[in-house]
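Please consult the sequence and the 3D structure shown here.

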Amino acid sequence: MSKYLVSLAIYFLVITFGLAQEEEKNTQASDSIKTTLNKEGVKVVDTLKVKKKAINPLAPSKSAFYSAVFPGLGQIYNKRYWKVPIVYAIIGGGIYGYIYNDDLYDRFRTAYKRRLAGFTDDEFYDLGTPNAPGADPDFSDSALESAQERYQEDRDLWLLVTIGMYALNIVDANVDSHLKQFNVDDDLSMDFKPFLDMDAITAKPVYGMALTIKF
């Protein structure tokens with residue numbers, strides 16, 4: 001039994017030593033080929049040593065969260081600084097439109113309620129020169145009601161637009177963060193480049209051109 005183990009150990013050592021010698025020969029041959037090619041102006045690059053940028057799976061969620069907390073912050077997190085003024089302009093415009101129409105809605109509603117109560121001192125009763133006694137007001141009751149309803153609809157529309165722009169700000173930050181980490185490196189390409197290999201029999205370099213499709 002012991003002789004069998006000794007023989008097995010010796011056999012293992014011989015195989016290991018032989019593989020190591022073969023690998024060393026291949027390495028030396030490859031190094032000599034690289035040296036020869038470098039002298040000829042051909043640069044050999046080991047693509048396996050190229051480091052790829054690490055992917056952060058939480059980045060899209062973080063950017064979306066930041067934009068939800070404060071619009072534009074997710075774009076800053078993604079380093080898309082040029083988008084921040086656009087976000088502020090769109091959302092700010094929506095807020096301005098809402099406030100503007102809400103103010104007019106309140107003014108027309110107040111005037112309409114006072115007309116119904118029998119008062120004639122609202123701001124829309126006499127807009128220009130004083131009306132003659134008994135003359136019709138500049139804005140009739142029906143005009144006040146119509147204006148009130150119109151500005152109410154415009155106010156609600158601007159509210160929906162503002163909410164939509166706020167949501168779009170979040171979606172943009174999330175999608176942009178995804179696209180920044182989308183794999184568009186050389187592993188997703190079609191390349192036509194010089195080809196180098198070793199002849200297994202003659203151990204001589206073989207030159208050529210290779211069409212490489214990577215995906």
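**Packing around helix H5**

In this predicted model, the buried residues of helix H5 pack against helix H2 (59–69), helix H3 (73–77) and helix H4 (83–116). Helices are DSSP runs (H or I, at least four residues), numbered from the N terminus. Residues are numbered from 1 along each chain as its sequence is written, local features need pLDDT of at least 70, side-chain atom pairs count only at pLDDT 80 or more, and totals for chains, interfaces and linings use all residues. Side-chain values use heavy atoms, leaving out hydrogens and water.

**Helix H5**
- H5 comprises 40 residues (141–180) and spans 58 Å from its first C-alpha to its last, close to the 58 Å expected at 1.5 Å a residue (1.5 Å times one less than the number of residues).
- Among the buried residues of H5 are Leu144, Tyr151, Arg155, Asn169, Ala173 and Ser177 (buried means under 20% relative accessible area, with a 1.4 Å probe and protein chains only).

**H2 against H5**
- The two helices H2 and H5 pack at an angle of about 160°, with their axes 8 Å apart (axes are lines fitted to C-alpha atoms over the stretch in contact, and angles run from 0 to 180 degrees between N-to-C directions).
- H2 is therefore roughly antiparallel to H5 (angles over 145 degrees).
- Residues in contact (heavy atoms within 4.5 Å) include Ala59, Pro60 and Ala64 of H2 and Tyr166, Ile170 and His178 of H5.

**Confidence**
- The mean pLDDT (the predictor's confidence in each residue, from 0 to 100) of the protein chain is 75, and 62% of its residues reach 70 or more.

Conventions
Buried < 20%, exposed > 50% of the residue type's maximum accessible area, 1.4 Å probe, protein only. Parallel < 35°, antiparallel > 145°, perpendicular 65-115°, else oblique.
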